[in-house]
Amino acid sequence: MVYKFGPNEQCLRRCRAIVPVILQAAEKVTAQGVRVPSEHQNVVYPLMGWWQFTNRTARALVSLYDQGYTVEAAPLMRNLIGHAYAMNWLADSGEPAVVALAEYWRAHKRKLARNVNETWNLPEPVDAPSSEPLVFANDESEQIHKTLMGELENFDNMVKAYGTADVYPVYRHQSAYSHTTGATADAFLIMDEGKLKFTTEPKGGEADITSEWLWIPVALLQAAAAISPLLVGNPMKSTIDKAMRDLGLPNTLLNLQRARPLL
């Protein structure tokens with residue numbers, strides 16, 4: 001039976017039921033050990049780490065929601081959406097994206113080391129990764145690297161590259177609860193007959209996470225669909241296909257293709 005996907009009670013029940021099914025299938029795959037074709041190994045290494053991160057983040061979200069936490073879990077939802085989408089980006093872009101990711105991480109560690117060395121009085125300075133520029137085979141390779149770095153550094157660039165600019169407002173909404181903005185204060189403030197009052201729990205309660213519950217299985221399916229075809233036997237395929245049918249989701253949500261070429 002196919003359900004109409006959207007903010008309705010029937011779909012919410014299906015989402016709640018399907019999330020643990022996806023997570024259990026992923027756990028079974030990793031517990032049995034995975035085999036990776038040699039041509040995919042460099043891409044699968046970071047993908048596998050991100051896959052574990054997205055799955056554990058989803059588990060944490062479910063746990064927090066079940067305990068009554070809503071806006072407090074928003075930073076995790078932001079992470080889930082961003083990482084699942086980036087897994088598609090990494091799988092689609094291949095080894096040039098692996099190089100960009102490694103360079104982005106090195107730059108972060110260099111900045112952190114500089115911050116620590118400038119502000120902490122340590123006996124020995126913190127070592128930083130080399131800052132020598134990368135060497136590219138040709139101008140095209142360098143341009144591809146710059147484009148990928150721009151997408152990795154800015155999620156808005158990434159989603160626009162895949163023709164899904166409408167994803168960014170969702171991410172940005174979650175970002176408002178991930179930083180020190182008025183959103184995190186307003187969630188606990190109520191204006192009642194001209195008097196400002198506060199509440200010990202966020203306004204809205206369960207209704208405020210309806211959309212989030214819909215996003216959890218979508219993100220998990222995007223993440224699984226990014227890595228599974230790169231593993232021997234495509235071990236998550238049957239779980240993905242069934243979940244997509246049960247939720248009434250279009251296949252266009254998975255394995256997104258670029259709308260804006262790298263060159």
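This is a predicted model: local features need pLDDT of at least 70, side-chain atom pairs count only at pLDDT 80 or more; totals for chains, interfaces and linings use all residues.

Reader: Good to know. Which residues of α10 are buried?
Author: The buried ones are Thr 239, Ile 240, Ala 243, Met 244, Asp 246 and Leu 247. They sit on the same side of α10, because they cover an arc of only 165 degrees around the axis.

Reader: What does that buried side pack against?
Author: The buried residues of α10 pack against α1 and α9, the latter being 210-227.

Reader: And which exposed residues are on the face turned away from it?
Author: That face of α10 carries Ser 238 and Arg 245, both exposed.

Reader: You listed Asp 246 as buried. Which residue does it form a salt bridge with?
Author: Its partner is Lys 242, with the closest N and O atoms 2.7 Å apart. Both belong to helix α10 (residues 237-247), and they are separated by about one helical turn because they are 4 residues apart.

Reader: Is Lys 242 buried or partly exposed?
Author: Lys 242 has 46% relative accessibility, so it counts as partly exposed. Asp 246 has a relative accessible area of 12%, and is therefore buried, the cut-off being under 20%.

Reader: Which residues are in a network with that pair?
Author: Arg 14 is joined with Lys 242 and Asp 246 into one network, through salt bridges that share partners.

Reader: Let's zoom out. How many salt bridges does the structure hold?
Author: There are 10 salt bridges. One of them is formed by the side chains of Glu 27 and Arg 59, at 3.5 Å from N to O. This pair links distant parts of the chain, with Glu 27 in helix α1 (residues 9-32) and Arg 59 in helix α2 (residues 41-66), 32 residues apart.

Reader: How accessible is Glu 27?
Author: Glu 27 is partly exposed, at 47% relative accessibility. Arg 59 is partly exposed too, with a relative accessible area of 37%.

Reader: One last topic: which residue does Arg 106 meet in a salt bridge?
Author: Arg 106 meets Glu 103, side chain to side chain, at 2.8 Å from N to O. The two residues lie in helix α4 (residues 95-119), 3 residues apart, about one turn of the helix.

Reader: Why does Glu 103 count as buried?
Author: Because its relative accessibility is 13%, and buried means under 20%.

Conventions. Residues are numbered from 1 along each chain as its sequence is written. Side-chain values use heavy atoms; hydrogens and water are left out. A salt bridge is a side-chain nitrogen of Lys or Arg within 4 Å of a carboxyl oxygen of Asp or Glu. Buried means under 20% relative accessible area, exposed over 50%, partly exposed in between (1.4 Å probe, protein chains only). The arc is that of the directions from the helix axis to the C-beta atoms. Contact means heavy atoms within 4.5 Å.
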